[in-house]
Amino acid sequence: MRRIMVIGGAGAGKSTFARALGDRLGLPAVHLDSLYWEAGWVEAEEAVFLDRVERAVAGDAWVMDGNYSRTWPMRLARTDTLVFLDVAMPVRLIRVFRRSLRYRGRTRPDLASGCDERLPDRAFLDWIMRYRLRGRPKALALMAAAPSHIACHHLRGSAAAARFVDELPALARPAQPVSLRA
C-alpha cells in the first residue's frame, strides 16, 4: 500500500483515518478539502483545483482523503488501495457538529489556512443526509468497477476503520508533510 484513496460521506472520519493510516505506514496524508478551499471558504478555480490534485496524485506515495468524484478517474489511475468509510448518517451528523464546536473559529488541520470552522448550514446538513441516497451508491459502484489490481476495502463503521489501521504493520519512518498549494 503506497497510494491509498479514502472516500466516504461528510463526517465519516476520512481525514482522521487518512492521518492515522499515513502515520502508521509512514505516508503523507493529502486532504482534498485543503486543495479545494481557499481562505474564507472560497472555492478554488476548477483548473487550479484539478492541477493541485494532479500534482498530488503524481507523488510516489500518499493517503488521499476526500470525495470530489470528478477527480476519481485521475486518482484511481494511480491508486493501489481504495478505502470506503461507510458510516451511518446519525454518527456522521454528530461528528460534524462535534468538529464544528471543537474547531469553531479556528481552521481544522485538514483545511486550507483561513477556513475557520463554523456550524453547518442547512445546505450542508441536507447534503449529509442525502449522501446515503446519492453518494453511497456512487462509492459502491466505484468499488465494484475498480480494476482488479486495486485492493478495495469497504469499512462499515468506526470500529472497522480502527481495526484496519491497527492490524497493519507499522513502519518506522515518519510521514513527510505535503504542500501542493499554487
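Predicted model: local features only at pLDDT ≥ 70, side-chain atom pairs only at ≥ 80, totals over all residues.
I will start with a loop. Tyr68 is found between strand S5, residues 62-65, and helix H4, residues 72-76. Most residues other than glycine have a negative phi. Is Tyr68 buried or exposed? Buried means under 20% relative accessible area, and Tyr68 has 15%, so Tyr68 counts as buried.

Trp41 also has a positive phi, near 60 degrees. Trp41 lies in the loop between strand S3, residues 37-38, and strand S4, residues 42-43.

Next, helix H5, which covers residues 89-103 and holds Leu101. Arg92 has its place in helix H5 too. Arg92 is buried, yet has no salt bridge. Which side chain of opposite charge is nearest to Arg92? That is Asp86, 6.6 Å away. A salt bridge needs the nitrogen and the carboxyl oxygen within 4 Å. What the side chain of Arg92 does reach is the backbone oxygen of Ile128, at 3.1 Å. Leaving out residues up to four places away in sequence, Arg92 touches several others, among them Gly9, Ala12, Val87 and Tyr131.

Back to Leu101. Exposed means over 50% relative accessible area, and Leu101 is at 57%, so Leu101 counts as exposed. Together with Phe97 and Leu119, Leu101 forms a nonpolar patch on the surface. The accessible area of the three together is about 280 Å².

Key:
Residues numbered from 1 in each chain as written. Heavy atoms only, no water. Patch = residues over 30% accessible without salt bridge, like charges linked within 9 Å, V, L, I, M, F, W, Y side chains within 5 Å. Areas by Shrake-Rupley, 256 points an atom, 1.4 Å probe, with all protein chains shown as cover. Helix = DSSP H or I, 4+ residues; strand = E, 2+ residues; numbered from the N terminus. Buried < 20%, exposed > 50% of the residue type's maximum accessible area, 1.4 Å probe, protein only. Lys, Arg positive; Asp, Glu negative; His and termini not counted. Polar contact = N/O pair within 3.5 Å; in protein donor to acceptor, adjacent residues only side chain to side chain. Contact = heavy atoms within 4.5 Å.
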